[in-house]
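Biologist: Hi! Could you walk me through this one while we both have it on screen?

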Amino acid sequence: MLGSGEVVGKLQMSWDELLDHGDEPFMLSFPPVYDVHPSLTLKTAVVLACDDRDGALSDSLVDCEIARGTDAGHAHIVEYVTSENVSHLNAAVEHFELVLDQCPVSHSDHASALTNLAWACLIGYSLNDLHDIDATTSLFRDALALRPQRHPDHPLSLYNLAEALTWRHNKKDTAADIREAAQLYHELLPLCPEGTYLRSIAGGADNVDYVIRGCNNLPIDASDEGIHLRRVVLELCPLGHQLRPRALGELARAVEARFDQHGSIDDLDTSIQLGREAVSLCPEGHAHHGAYLDNLAFSLVSRFNHQGKPNDLDEAISLHEEVLCLCPVGHKSRHFSLDNLGRALIARFNKRGDIDDITRAISLSREALTLCPPGHPRRDRMLSNLALALQTRYIKLDVSEDLNEAIDLYRESLRLTRHDDPECQPHVTLDNLSAALCSRFTQIRENKDVEEAITLCQESSAALSSLHPHRYYSYMRLQKAYLSRYRILHDPADLSLAIENFRLASRHPTQGFPERIQEAIHWVRQAEVYQHESALEAYQMCFELFDSHVMTRSSIISRREAAIAFDDARLLPVDAASCAIRSGNLRQAAELAEQGRGQQWSLASRLRTPVEDLESANPKLAHNYLELSKLVSNAAQSSSTITDRAAADRAATEYRRLTRQWEATVAEIRDLRAFSRFLLPPLCEDLQAAARQGPVIILIASQYSCNAIIIPTSGDPYHVPLPSVALADLKILKDRFTRAIRHALRMNPTELRTDLIVLSRIIWDEIMLPIVNVLEHVLKLKRRSRIWLCPTAAFTSIPLHAANPFQTKADRSGKEPCLEDLYICSYIPTLSALIRSRQLMKKRVAPSFVAIGQGQPGTGKGKELLAVDSELELVHKLVPATANRTTISGDTATRAGALEALQRNTWVHLACHGKQDRAQPYNSHFVMRDEHLTLLDIMDKDIPHAEFAFLSACHTAVGDEETPDEVIHLAAGLQFSGFKSVVGTLWEVDDAVAQHVVKAFYENMFEDLKDGGAMDCTKAAWALNRATHAVKTTVPLEQRMVFIHIGV
């Protein structure tokens, strides 16, 4: 039987002609069927009827009877198809049933007999003469069971069962049948090479394409099984297939629906990638171009809400704008497009606050509502979305008319909501109405509003599973309702309930980090306002969420963008430390100040953590960690250069996959008893290692209080309150310093710097003197000992090392000592950075020194620095010859040349222009001959053997104003890349005057080498202190204050 028993030709041949072929096989060809040319290979054999050994003749006769019955059945089927006379169908079925009776289960032709009977019944069913399709399907299923994989007729049986299921779906519209048919075709098509007969009939419009269309028309199913089916259907639509765009779109919608239920960002990224391909396959002019644009835009808005990437929102709005242009007035889908764009504009208004966005959103929503008059199936959604736009404007502009209209619209929307609609989301409207009622309660104080608000949230929450992402909003609205009622009625139970819902919302695992961070910050602020005991817990939650959120960003720049997206978060580290101080817990204050600061450096340094101890304990685990750290780091670097959005999405998915593997390995390491705190925020006893060679002073500039915490070499931390200083005072002091420095740089070198002297006195009297009193009288710290300053927030903009009473002693015996007379001061970005530098000091190599200078940077890159060459000569003379010294300048001082020199040498002196990029601090740079040597360039390099760098350039230790606690500047970048000790600058440097400081510094730095001493980078702070004292009479005050030491 060929295929379904079609007649492909008639054979008439005499016995003599047959016997002439002997026992050699010969081929017969027939006219083409479905563009395939059938052929038949025959071989003749003579059977002697008299030889009936072991019943062979009887078996042969039975086989002949089976063959004759089968042929008769096929003949009747042909007549039936031609004449549609049902008597032929009945005769065919009767013949095939008799044949099946003669072929028991053990018979080699049982499967064929099942198939022939099933096909006769299926043909009768397709022509409406038979009605029992279920029995027919069972026959095909039984035949398939007898033809497992690798059976030559397995593909044919797959096709037969798929065909039966397709017919049953065609008549009964059973979703299970079309799903199973898709699975069967998915297995079948790879077994049918192009050009084969089976491929030609299976791959036609009435077969696999019918199944694809049937699956595409199924309702969205976000279950794992439903998404698997969508993937199967997509694989049935290779590139070039006309139904591929629809299959892409349906799979995209299914995985986004799963995201809506479970909050997995992988699903959302997959949806966006699929959506982009669908759009690319349906260019402008395609009938479904607008629909695919809209679907992609939906996914981008969802990702913006989940991850907070502004580019996603901008792209989504652009796509919605394009779709609206395709839907002019009178277009059937215009209401849909208006509504989509309006919702995206609301999201952008919430992010950026541009009043034009919310004004336009309301206008679009009103037009959309007019296009959905009473009775329209989408009117409830248009009402709800217009209400949301009005409510959003009320929150920002406090227009009470907006609020009342929004409440009325929400109520009308809920009244019209059809709960049988699969896209119905009443919980969203319930939560939004609850928030609006809370706002009105705050305004007019009617208890019924807040009571209803609480009831609505509870109703919304009850309708959702415990891990549904939208539960976050129910918790958030409940928190708002309870807090609103507490503010009016002052019932402590309401405050407790509000705090509990803050906790639930912040911890809700399927909601995106940006939303949870905002809620945790709100928790912090309310806990501070009402002095609730959960404040420290809230701060801790903020830091954990920030850490997780920023870790999802692959590039360093995108991590900073994620960090600065939260305006209320900039003071969190210092506010947390202040809270712990007010709670009497200095150890936790130090821990929180460290955990919340320098997160950019902390995240990056995790991938460079030394693992010598782990290698001894578990070499395999250490190897896995190092390899994954390298892969994550490489993925992060490569992603920063990608501009194509689709490629960027793929890179982000790959980065996330690697990060999860890395996190799993870190968790495995923590399971080892000795490594239980591996890469966790350090405890106070861990931080005390930073004070091993002298106390560390953390200066806390919080809006609640300003304090200092002294971490001594041993023992508990000391608290130094700074009652004369407030955060506002520090901001004023910073501005005054900026003006004074700017003025001093224009003054004659011999003029008295009166303004700077006054400001230095303020630093001494109000900030450093209380700290010095504790160092001298409590810690009994000897003079000329080393101390490390770790300023936070507004303190980072104040030159604390320049504190000076500028006062004569009471007995007229001389000047009162300044801070640098008393102690050798160094700065550190974080305590962990100092600890890490000291750990790397264990691996020292033979010193090599390079001086890099660029005094002629080229047109448009800054003025010529005339003193650079003489400075390089001076340095070359002062550095001992044993240091393997080299100099790079002029045309060889390029970006690549400087980078190579940084990597090859342990000691570096840089003399050139330094530029701080205020908009993007990672683009701060040293000006070279060709291209800029940026902070990013430096951070990309891991130079564990590096020791010391002197940065004789402007603005090399000036932090980022937007995120001062991240300490993002060139000097910190060099320390991160491996340099343990760095001299940097706080403002502009006069290169001619600076030579005096450079000369005095290196003379002091290398004075011991004459007696056979070794180059020691830990002497840099002492040498800089001596140098600034030595040049008091030749270098103006601001050019002595400009240099600071960072590190060991």
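Biologist: Which residues of α28 are buried?

Modeller: They are Gln599, Gln600, Trp601, Leu603, Ala604, Ser605 and Arg606.

Biologist: And what are the ground rules here?

Modeller: This is a predicted model, where local features need pLDDT of at least 70, side-chain atom pairs count only at pLDDT 80 or more, and totals for chains, interfaces and linings use all residues. Residues are numbered from 1 along each chain as its sequence is written, and side-chain values use heavy atoms, with hydrogens and water left out.

Biologist: Thanks! Is Ala344 buried or exposed?

Modeller: Ala344 is buried, with a relative accessible area of 1%. Its place is in helix α15 (residues 334-352). The C-alpha atoms of Ala344 and Ile317 are 6.1 Å apart, although 27 residues separate them along the chain.

Biologist: On to salt bridges. How many does the count come to?

Modeller: The count comes to 50 salt bridges, each being a side-chain nitrogen of Lys or Arg within 4 Å of a carboxyl oxygen of Asp or Glu. One of them joins Glu537 and Arg503, with the closest N and O atoms 2.8 Å apart. That pair links distant parts of the chain, with Glu537 in helix α24 and Arg503 in helix α22 (residues 492-507), 34 residues apart.

Biologist: Which residues are linked in a network of salt bridges?

Modeller: Asp266, Asp269, Arg276, Arg303, Asp312, Glu315, Arg645, Asp649, Arg656 and Arg660 are.

Biologist: Switching topic, which residues have a positive phi?

Modeller: Among them are Asn128, with phi near 65 degrees, and Gln531, at about 50 degrees; neither is a glycine. Asn128 lies in the loop between α4 (110-126) and α5 (133-145), and Gln531 in the loop between α23 (513-529) and α24 (535-551).

Biologist: Are those two exposed or partly exposed?

Modeller: Asn128 counts as partly exposed because its relative accessibility is 48%, whereas Gln531, at 73%, counts as exposed.

Biologist: Last one: what does UniProt list for residues 779-1007?

Modeller: The UniProt record, an unreviewed entry, lists them as "domain: CHAT". UniProt positions are given in the numbering used here, feature names are shortened, and annotations may be inferred rather than shown by experiment. In the model, the end C-alpha atoms of that span lie 31 Å apart, and the span is 28% helix and 18% strand.

How values were computed. Helices (H or I, at least four residues) and strands (E, at least two) are DSSP runs, numbered from the N terminus. Buried means under 20% relative accessible area, exposed over 50%, partly exposed in between (1.4 Å probe, protein chains only).
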